[in-house]
Amino acid sequence: MKQAKGNPGKRRIGADPVADIAAAGGVAPPEWLKGGGLKAWNRLAPNVARLKLLTPVDAEAFARYCRNLARWLKMQDELDREGETYESESAHGKLKRAHPAFLIGDRLARLLEAQESVFGLNPAERQRIFAARSMTPDPAGDLFGPRREEPAAAVERPQEPKGPVGLLN
């Protein structure tokens with residue numbers, strides 16, 4: 001877009017920030033991640049890395065999240081096809097029972113919710129993470145240069161009274 005408008009000031013044209021998003025997904029998935037988990041990684045990892053919530057150290061934990069997400073989606077597909085309950089025969093007659101995929105999906109949903117909070121994959125946790133980041137001072141400095149350690153001011157202690165008369169004043 002900048003090049004289409006021209007460059008009347010003859011200043012150097014910087015790279016578009018869109019190119020940085022593609023480079024931010026540079027964290028490689030672990031080799032054991034396959035199938036639907038790898039598809040989830042390829043879909044989610046670039047955005048999470050762009051928010052600086054995914055680093056190479058986090059790759060294994062994020063891969064577990066992606067694998068659990070793929071399994072949860074598989075359970076949801078099975079429930080869509082077969083329903084959430086099934087009937088079984090017993091000595092007491094016909095009983096409606098929860099489908100095993102429903103129970104597995106419920107457990108996976110709980111795991112996913114816990115893992116989503118770690119990686120900022122829900123709005124409330126993302127806001128909490130960003131607020132915590134803003135409260136942490138950057139050791140490199142801020143807009144006005146590097147931080148300097150200021151000497152602690154000497155705390156003046158009140159003088160001890162030398163007699164009972166000083167206590168009343």
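Author: Let us begin with His99, which is in contact with Glu78, Leu79, Glu82, Gly83, Glu84, Thr85 and Tyr86, leaving aside its neighbours within four places in sequence. Contact here means heavy atoms within 4.5 Å. This is a predicted model, in which local features need pLDDT of at least 70, side-chain atom pairs count only at pLDDT 80 or more, and totals for chains, interfaces and linings use all residues. Residues are numbered from 1 along each chain as its sequence is written, and side-chain values use heavy atoms, with hydrogens and water left out.

Reader: Is His99 buried or exposed, and where does His99 lie?

Author: His99 counts as buried because its relative accessible area is 8%. His99 belongs to the loop between β2 and α5. A polar atom of its side chain lies 2.9 Å from the backbone nitrogen of Ala101.

Reader: How many bridges join strand β1 to strand β2?

Author: Two strands pair if DSSP finds at least two bridges between them. Here 6 bridges join β1 (residues 85-90) to β2 (residues 93-98), and the two strands run antiparallel. They form a hairpin with 2 residues between them. Within this pairing, Tyr86 stands opposite Arg97 in β2.

Reader: Why would one look for a nonpolar core, and which residues have the most contacts inside the largest one?

Author: In soluble globular proteins, nonpolar side chains tend to be buried together. A nonpolar core is a set of buried Ala, Val, Leu, Ile, Met, Phe, Trp, Tyr and Cys residues joined through side-chain atoms within 4.5 Å. The largest one has 19 residues, and Trp41, Leu54, Phe62, Tyr65, Cys66 and Leu69 have the most contacts inside it. The elements giving two or more residues to this core are α3 (35-50) and α4 (59-82). Phe62 touches Trp41, Leu44, Ala45, Val48, Leu54, Phe119 and Leu121, not counting residues up to four places away in sequence.

Reader: What does the side chain of Glu116 make with the side chain of Tyr65?

Author: A polar contact is a pair of N or O atoms within 3.5 Å; within protein, one must be able to donate a hydrogen and the other to accept it, and residues adjacent in sequence count only if both atoms are side-chain atoms. The side chains of Glu116 and Tyr65 make such a contact at 3.2 Å. Glu116, placed in helix α5, also touches Leu121 and Asn122.

Reader: How far is Glu116 from the nearest side chain of opposite charge?

Author: For charge, Lys and Arg count as positive and Asp and Glu as negative, while His and the chain ends are not counted. A salt bridge is a side-chain nitrogen of Lys or Arg within 4 Å of a carboxyl oxygen of Asp or Glu. Glu116 is buried yet has no salt bridge, and the nearest side chain of opposite charge, Arg126, is 9.2 Å away.

Reader: How many salt bridges does the structure hold?

Author: The structure holds 2 salt bridges. In one, the side chains of Arg110 and Asp106 meet at 2.9 Å, N to O; both residues lie in helix α5, 4 residues apart, about one turn of the helix. Arg110 is exposed, with a relative accessible area of 56%, whereas Asp106 is partly exposed at 32%. In another, the side chains of Glu125 and Arg128 meet at 2.7 Å, N to O. About one helical turn separates Glu125 and Arg128, because they are 3 residues apart in helix α6 (residues 123-135).

Reader: Which backbone angle deserves a look at Lys52?

Author: Phi of Lys52 is near 65°, a positive value in a residue other than glycine. Lys52 lies in the loop between α3 and α4 and is exposed, with a relative accessible area of 64%.

Conventions:
Buried < 20%, exposed > 50% of the residue type's maximum accessible area, 1.4 Å probe, protein only.
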